Structure formats: structure tokens, C-alpha cells
Amino acid sequence: MSAVIDNLISKEEYNIYVNEYIRDEKLCELASLLEKEDDNLETYFNTRRYKSKFLWVNILYIIERMSYAKRIEYIPFLIEFLQDVNWPVFRYTISSLMSYKKTDLVPFVEQALWTAYRDDDEMWIAGIARLMEKDNIKQQDFKNPETYDLLKYRDF
């Protein structure tokens, strides 16, 4: 399967690393193929492979076209796009994450908040707080009620 995907991506109209104007049917085709692959994060969604941060949106477009069950696997990865509000994918990532059921999203948000706290990453906490505000995630939604208190460490 990887050879098929690699062959497609080598073509300009499928090249997610350099082409910001990939047509929807091409993205759907890539999503269908990538959904069957196990190592997308390191192989195809590795952000270092992209010509610019503006092209990271191709990752979001592809994930959105996958089945919901597969999309759930990418929640932790997508939450990492909230680490910097200046990244071009920040706002779109929030919109994308809001398409998940709250019960599927909250455990990953909780885990990310604790990771951001341990990493002393106040900007990431602030990014997660923006998602929580937009998606109406409250203290009672968390398994550990102390998680909500971590928001006081956000930098804006």
C-alpha cells in the first residue's frame, strides 16, 4: 500500500508536502488509502516533511475525510497543533476538534493538559483552553476535577 501512496504523493496534484491546492477528490482518495496505513504520523503526517506550516492543513483535510472511528486515533496528534496560537492551522484545528463527540474528545484534552503542565508549556495550555471554551468543556467533564485548575497556568 505504501508504494501506491508514495507514487500518488510524488505527483503534484496529490503532493501534500508542497501543494496547498489539492482538490477534494484527491484528498478523499488519499484519506481512503491512508486510513488503511498504521504509521501515518511518522511517515506521512510528520510535520518536518512539509514545505511550510501552512501545508499542515492538508493533514487536517485528510483526517477529516476518514471514518469517525479512525479519526479518533488522531485526536492526540491534532491537540498538539494547539501548542502555538500563531501556527496557521491553529483555528482550523479547533474547528476540526469540535466535530468530535465531547465524550471522545475530553479524555485526550485532559491528558494533553497534564502533559502541557508537566512540560511547563503555558501557551499550549492556553491553546487547549481556547478549544475548551469553544466546545463548552467544563470542569465536571473531566475524570480528575483538578485538571480544570491547570488552566490558571495558561499564558493568555
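Colleague: How do the residues lining the largest pocket divide into nonpolar, polar and charged?
Modeller: This is a predicted model, where local features need pLDDT of at least 70 and side-chain atom pairs count only at pLDDT 80 or more, while totals for chains, interfaces and linings use all residues. Ala, Val, Leu, Ile, Met, Phe, Trp, Tyr, Cys and Pro count as nonpolar, Asp, Glu, Lys and Arg as charged, and the others, Gly among them, as polar. The lining divides into 6 nonpolar, 3 polar and 3 charged.

Colleague: Which elements give two or more residues to that lining?
Modeller: Residues are numbered from 1 along each chain as its sequence is written, and side-chain values use heavy atoms, leaving out hydrogens and water. The lining includes Leu-41, Glu-42, Phe-77 and Glu-80. Helices are DSSP runs (H or I, at least four residues), numbered from the N terminus. Two or more lining residues come from each of α3 (40–43) and α6 (75–80).

Colleague: How much space lies in the largest pocket?
Modeller: On a 1 Å grid over the protein atoms alone, a cavity is a set of points where a 1.4 Å probe fits but cannot get out, whereas a pocket is an open set with protein on both sides within 12 Å along at least five of seven lines; lining residues have an atom within 4 Å of a point. Grid points are joined across faces, edges and corners, and the volume is the space filled by probe spheres set on them. For the largest pocket this comes to about 230 Å³.

Colleague: Is Lys-70 buried or exposed?
Modeller: Lys-70 sits in helix α5 (residues 68–72). Not counting residues up to four places away in sequence, Lys-70 touches Glu-35 and Glu-37, contact meaning heavy atoms within 4.5 Å. Buried means under 20% relative accessible area, exposed over 50%, and partly exposed in between (1.4 Å probe, protein chains only). Because its relative accessibility is 10%, Lys-70 counts as buried.

Colleague: What is the relative accessible area of Thr-93?
Modeller: Thr-93 belongs to helix α7 (residues 90–97). Leaving aside neighbours within four places in sequence, Thr-93 contacts Leu-60, Leu-78, Phe-81 and Leu-82. Thr-93 is buried, with a relative accessible area of 0%.

Colleague: Which residues have the most contacts inside the largest nonpolar core?
Modeller: A nonpolar core is a set of buried Ala, Val, Leu, Ile, Met, Phe, Trp, Tyr and Cys residues joined through side-chain atoms within 4.5 Å. Leaving aside neighbours within four places in sequence, Ile-62 contacts residues including Ile-16, Leu-27 and Phe-45. The largest core has 52 residues, and those with the most contacts inside it are Phe-45, Ile-62, Leu-97, Val-109 and Leu-113.

Colleague: Which elements do the buried residues of α8 pack against?
Modeller: From its first C-alpha to its last, α8 has 17 residues and reaches 24 Å, close to the 24 Å expected (1.5 Å times one less than the number of residues). Its buried residues include Leu-105, Val-109 and Leu-113. They pack against α6, α7 and α9.

Colleague: What is the phi of Asp-120?
Modeller: Asp-120 lies in the loop between α8 and α9. Asp-120 is exposed, because its relative accessible area is 55%. Its phi is positive in a residue other than glycine, near 55°.
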